[in-house]
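Please keep the sequence and the coordinates in view.

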Amino acid sequence: MSSFFNIPCETGSKQAHECLIPWYIIGITAIICAATLVLIAFLGPIGQGIIQYRTSQSGIWQITGQDLANLVLIAPILLIGGILCLARRAGSKYLLVLTPITLMYTGLSIGIGQEWSNPAYSGNVEDYWWLFGILLVGGLILLLGSLSMFTEADAPYFKPKGLRIYVVLMTVFFLLFAAMWISQIQQVISTGDLPDGSYKAAPTAFWVIRYLDLGVSIPLGFLALFLMLSKPKKAYSILLLFFGFFITIGTAVDMMAMVQVLNGDMEATKEGLFIFLILTSFSYGGLFYLIKDKIRRGVRSADNHN
């Protein structure tokens, strides 16, 4: 596994593949984003409580779960990927490509998802807008930079056996995810609130998350499944980008739900927990499918080296 990530950037080809963004900018950006996530967590509710978010208690518990996921998964991926990139190791791209969409999603959802117009909520999160801005800009740099590090030669041979079953099952759960959000929107339109009162407690966060998920997350899911069946080799880097988003944001959502349940938050519905856990598990399985040949090759290379 270690040899997989330590593949040199240049492998003896006549001309090294040229990225859209210089390798040192990509590496430094990844490390800055990792440090920013750690700083946000340190200043947030699981740290010093210096950042005061303008949202409901349930929203604060969800941000707590997001910070936990950032600390245990996303920041380490960015830090290791950034260091490997600065060391000119081609394996860094398999880490860095997992993070850009989640960084931008996090920056947007927290930055604009506060209950700005509700006088019942006080806070100072606006003083730290630049932290969430770093995530947006860093995500954009890593998006362009990491995608351009791949070529079609990086894509392994895909065996279609069992792939159609996986796509059908994941499609079902994406549809359930979309149906759950659409059902909640219809409830809000028809009654003005959700049964647990969570809409009136944080309407801005409600609409931001539903728009981002129904307009970005779920369409990306269907697009990824389509490309997985139709053009997996040509779309290999995009598939890694999409599945990286699914595992990182899925892990964050699962962490949010865990914190909510531990605090007795009734907004964490059993149906949502089940759907998110299944989607996260399927996403990890899909990512493993995309890189399993690379891992096996790295293991064989390590064995031969030893």
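Two salt bridges are counted in this model, a salt bridge being a side-chain nitrogen of Lys or Arg within 4 Å of a carboxyl oxygen of Asp or Glu. The model is a predicted one, in which local features need pLDDT of at least 70 and side-chain atom pairs count only at pLDDT 80 or more, while totals for chains, interfaces and linings use all residues. Residues are numbered from 1 along each chain as its sequence is written, and side-chain values use heavy atoms, with hydrogens and water left out.

Side chains of opposite charge can pair when their charged atoms come close. Arg54 lies in the loop between α2 and α3 (57–86), and Glu126 in the loop between α5 (100–112) and α6, so the bridge ties together parts that are 72 residues apart in sequence. Helices here are DSSP runs (H or I, at least four residues), as strands are (E, at least two), numbered from the N terminus. Arg54 is buried at a relative accessible area of 17%, whereas Glu126 is partly exposed at 31%. Buried means under 20% relative accessible area, exposed over 50%, and partly exposed in between, with a 1.4 Å probe and protein chains only.

The other pair is formed by Asp154 and Lys93, whose side chains meet at 2.9 Å, N to O. This bridge links distant parts of the chain, with Asp154 in the loop between α6 and α7 (163–191) and Lys93 in helix α4 (residues 93–96), 61 residues apart. Asp154 counts as buried at 14% relative accessibility, and Lys93 is buried with a relative accessible area of 7%.

Helix packing comes next. Two packed helices are described by the angle between their axes and the distance between the axes. Helix α2 (residues 23–43) and helix α6 (residues 129–147) have axes that come within 9 Å and cross at roughly 150 degrees. The axes are lines fitted to C-alpha atoms, for helices over the stretch in contact, and angles run from 0 to 180 degrees between N-to-C directions. The two helices are therefore roughly antiparallel; angles under 35 degrees count as roughly parallel, over 145 as roughly antiparallel, 65 to 115 as roughly perpendicular and the rest as oblique.

Helix α9 (residues 203–230) packs against helix α10 (residues 236–262) at an angle of about 140 degrees, with the axes 10 Å apart. That angle makes α9 oblique to α10. The contact includes Leu220, Gly221 and Met228 of α9 and Phe242, Phe243 and Phe246 of α10. Its residues are eleven nonpolar, two polar and no charged.

The whole chain comes to eleven helices and zero strands. Buried residues make up 51% of its 306 residues. Of the contacts with a separation of 6 or more, 81% are between residues 24 or more positions apart.

Technical notes:
Contact means heavy atoms within 4.5 Å. Ala, Val, Leu, Ile, Met, Phe, Trp, Tyr, Cys and Pro count as nonpolar, Asp, Glu, Lys and Arg as charged, and the others, Gly among them, as polar.
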